[in-house]
Amino acid sequence: MIKYLRIDHTALHVKDINASKTFYEDNFGFHTYFEHETPTGMPIAYLRLGDTVLELTGFADPPVSGFHFCLEVDDFDDAVDFLINSGVKVVQKPHKTAARHPREESWRRVVFEGPDLEQIEIRG
């Protein structure tokens, strides 16, 4: 039996890799730590936020998906205020969410939209 340890990274297919890097760096605190190009010429950038890795893959016409990822924050209100004041589009307004674990009692969630229509959920 294989023992899976964790998700290594999440990938997003994006139209403009530089615009997406800037979006995630400026609004969410990610930093780009590695970039390369595949043998077919597709650019790839890896961004890190703590132990979370986001892989951006450059496509001229990215495939559409119902993709989202979720970031846990230590100060929900500050994070939401910052993103709204930065002009990041809100898809779902802040609301209470069910606790999956006792530490999540009284948590809220909000969903924002990224530059390629991906959804970014914030919980805390």
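A residue counts as buried under 20% relative accessible area, as exposed over 50%, and as partly exposed in between. The exercises below concern a predicted model.

**Exercise 1.** Determine whether glutamate 35 is buried, partly exposed or exposed, and do likewise for its salt-bridge partner, lysine 21.

*Solution.* Step 1: the side chains of lysine 21 and glutamate 35 form a salt bridge, with 2.8 Å from N to O. Step 2: the relative accessibility of glutamate 35 is 44%, so this residue is partly exposed. Step 3: lysine 21 has a relative accessibility of 11% and is therefore buried.

**Exercise 2.** State which elements of the chain are linked by the pair of lysine 21 and glutamate 35.

*Solution.* Step 1: the two side chains meet in a salt bridge. Step 2: lysine 21 belongs to helix H1, residues 17-28, whereas glutamate 35 belongs to strand E2, residues 31-37. Step 3: the partners are 14 residues apart, and the pair links distant parts of the chain.

**Exercise 3.** Find how many salt bridges the whole structure contains, and describe the one between arginine 123 and glutamate 104.

*Solution.* Step 1: a search of the whole structure gives seven salt bridges. Step 2: in the bridge of arginine 123 with glutamate 104, the closest N and O atoms are 3.0 Å apart. Step 3: arginine 123 is in strand E8 (residues 119-123) and glutamate 104 is in the loop between strand E6 (90-96) and strand E7 (108-113), so parts that are 19 residues apart in sequence are tied together. Step 4: arginine 123 has a relative accessible area of 5% and is therefore buried. Glutamate 104, with a relative accessible area of 5%, is likewise buried.

**Exercise 4.** Identify the network to which arginine 109 and glutamate 121 belong.

*Solution.* Step 1: arginine 109 and glutamate 121 form a salt bridge whose closest N and O atoms are 3.0 Å apart. Step 2: arginine 109 lies in strand E7 and glutamate 121 in strand E8, so the pair ties together parts that are 12 residues apart in sequence. Step 3: both arginine 109 and glutamate 121 are buried. Step 4: through salt bridges that share partners, Glu104, Arg109, Glu121 and Arg123 are joined into one network.

**Exercise 5.** Describe the surroundings of threonine 57.

*Solution.* Step 1: threonine 57 is placed in strand E4, residues 52-58. Step 2: its relative accessible area is 4%, and threonine 57 is therefore buried. Step 3: leaving aside residues up to four places away in sequence, threonine 57 touches Leu12, His13, Val14, Met42, Pro43 and Ile44.

Technical notes:
Residues numbered from 1 in each chain as written. Predicted model: local features only at pLDDT ≥ 70, side-chain atom pairs only at ≥ 80, totals over all residues. Heavy atoms only, no water. Salt bridge = Lys/Arg side-chain N within 4 Å of Asp/Glu carboxyl O. Helix = DSSP H or I, 4+ residues; strand = E, 2+ residues; numbered from the N terminus. Buried < 20%, exposed > 50% of the residue type's maximum accessible area, 1.4 Å probe, protein only. Contact = heavy atoms within 4.5 Å.
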